[in-house]
Amino acid sequence: MLSAALRLLHRALGAALGRIILRRMRADGVPVTPEQRQQMARRLHREVVARRQRSYGQAVEEIRRFDRDIRIAEPNPYPVEAVVAALERAVEPPPPRPAAQPQPDQRTADSNHSESPNSPESPDSSPRASRARVTAPEVAPRPSARVAAPAELDPTSRRRARARVTAPTLENRTDPTVVREVAERLSATLTRHVAQAGREAVVNTALGADEEIGWARVLSGAENCAFCAMLASRGPVYRSDKSALTVVGRGRNNRTRGTRALGESYHDNCDCEAVLVRRGQDWEGREEFERLERLWMAASALARGDEPRLLFNRAWRRSRRDPEILAQLDRLWADSTEGLVGSDANRAFTRAVRDAQADGTFDATDRRRTGAGPAAPERVRASRADQGSENSEQRPTPPLPRRRPSGDVRVPESLESAASPQEVGAYLQARYGVMAVGFSDPALPMEQLREFAGAFDDVAARYPDIEMPRVVGISDDEQDHAYANTTSIMNPDGTLTCTSLMFSREYMLDPARMQAEAERDVAVGFHPRGMEQRAVYAVTVHELGHVLDIQGDDHASANAVEELERHFMANVTSSADRAELAAQYREWIGELSGYSRRGDVSLNREEAVAEAFVDVEMNGDAAPEAAHVLHRLLVESRRRI
């Protein structure tokens, strides 16, 4: 697959380039004067050019597999001025600018210029013809694109967009923190320039081919953002338009489609690629495009005056944790459009989506929280006793006030002095301001309850800024034989709030069963070592790992795959052979617990960060290297988002 091959190569080339940039800046310091930037740019230029040549060569190889007789476009030149511009951007990042209000235009209106690093700041204002589409049905109008807000970007770009930046000066240009920050920003930009050589080869080849050859933007990364998903939902284009690669541009009314300079395509850390498409034939990414297009149509149908882009963003984020939403749209499309084509099919599908929302059987946007009828489900994360099903869903817990325990229950001065289950609940409620529930049963074993509450004390002592759930306690609601579960809701601004952390009453009342199953889980590698020694404590620490992830708006779990791959390429392997790389990565990632993974390589992202958290917290340096990578990501993410 062309996109997958390019993505793997670009990830490897970017990691190697990042190491070179960091070494250079550690040796010479951050270039803060024009002369220093020119000098560093000349040194880095040849490194970027060499990697652009490899990107172009890989694209040529893949294009030949698509069509051996096609005329392949020559590579674009790459001047040293492009590196200078990237350095200036990394050293002196521009202040945020207010996003332009999007102007309505048709979905077929798109931009007129694809980025070339040759002129990173020079716009091309010439008008372009509207887009042509082939296999896709007609769709509703869409607002023109603007620059993505941080919340719409992929996790890495979002973190960097929101991170506080220390301005480099002559005095601090060798400070390790300043060096690392600038090196990261420069690496992201130059890696994009490297990847652009392969992307341009695909696009320019399509532009020079017959009308039957075009290209499409596909989401080739393990993680992608809502902004790129919206662009990918526009489908194939041909040489009459260059819009598949351009983040911003000009529409039919010649209004700038975004606040970045024209010609800026792909944001830094973007995993999207371009693939060749032959008119009337199947193409890589077609099924995903059709699903994204239906998601856009559904968001547009439910907008009711809101910006469809905002609802698409919410729906995309929801679909990433609940793929059933996309499957439900597929079923709605199949049922509502039978025997219909074009605009008739689109109108029928739009009506079906609105009807499904009205009767409470569908809502992809997480907008409803309470009220009669089926509620928008909240997310449930569970520590499981066996593989079971993936994250299940339940009715969301309404917001509850933080309160102190009632006056008829003694509040113990310490956890050790608690004499009853009710006093353990009173201790948690008074110490952390949560609502403690389920502690009224005198049969609950005190040793296990102290492990449960002790996990809160230990994690809060290490991470005092943790935002505790609104409700904690012992639950009768079993989640697929789960030891415990943590729930969250999405706020109107897109952030997350942890609503509850509940331990299974079934397992709490049966310590022998809990111990036996914990020993079995550890023996088969399903949970980390140490869980068998303090099972209730370990499960609760795992759930508090989820709480930290929620506090960071899921940055850690969303970015887990990318962070593992980045660390692996930068610090673990030196191989350039793809088969060897894949085998090494499988072995390295295989050191994580079984609950962290789905198969040999695929990551169970939310559970992986929680498993890594408990592994490192309990086992320290003995935990696998991959667990330390995810633990560090989780701990840092809660502060940066």
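User: Are Glu273 and Arg199 buried or exposed?

Analyst: In this predicted model, Glu273 is buried, and Arg199 is buried too.

User: What makes the contact between Glu273 and Arg199 a salt bridge?

Analyst: The closest N and O atoms of Glu273 and Arg199 are 3.4 Å apart. A salt bridge needs a side-chain nitrogen of Lys or Arg within 4 Å of a carboxyl oxygen of Asp or Glu, so the pair qualifies. It links distant parts of the chain: Glu273 belongs to strand 4 (residues 273–278) and Arg199 to helix 5 (residues 176–208), 74 residues apart.

User: How do you know that Arg65 is exposed?

Analyst: Its relative accessibility is 55%. Exposed means over 50%, so Arg65 gets that label.

User: Why is Glu62 called buried?

Analyst: Glu62 has a relative accessibility of 6%. The limit for buried is under 20%, and therefore Glu62 counts as buried. The side chains of Glu62 and Arg65 meet in a salt bridge, 3.0 Å from N to O. Both residues lie in helix 2 (residues 34–66), three residues apart, or about one turn of the helix.

User: Why is Asp282 called exposed?

Analyst: Asp282 has a relative accessible area of 57%, which is over 50%, so it is exposed. Asp282 also forms a salt bridge with Arg286, where the closest N and O atoms are 2.5 Å apart.

User: How many salt bridges are there, and which residues are linked in a network?

Analyst: The count comes to 24 salt bridges. Arg24, Asp28 and Arg43 are linked in a network of them.

User: What makes strand 9 and strand 10 a pair?

Analyst: Strand 9 and strand 10 (residues 496–504) share seven bridges in the antiparallel sense. Pairing requires at least two bridges, so they count as paired. Thr487 stands opposite Ser500 in strand 10. The hairpin of these strands has five residues between them, and Gly494 takes a positive phi near 90° there.

User: Why is strand 9 described as mostly covered?

Analyst: Nine of the nine residues in strand 9 (residues 482–490) are buried.

Notes. Residues numbered from 1 in each chain as written. Predicted model: local features only at pLDDT ≥ 70, side-chain atom pairs only at ≥ 80, totals over all residues. Heavy atoms only, no water. Buried < 20%, exposed > 50% of the residue type's maximum accessible area, 1.4 Å probe, protein only. Helix = DSSP H or I, 4+ residues; strand = E, 2+ residues; numbered from the N terminus.
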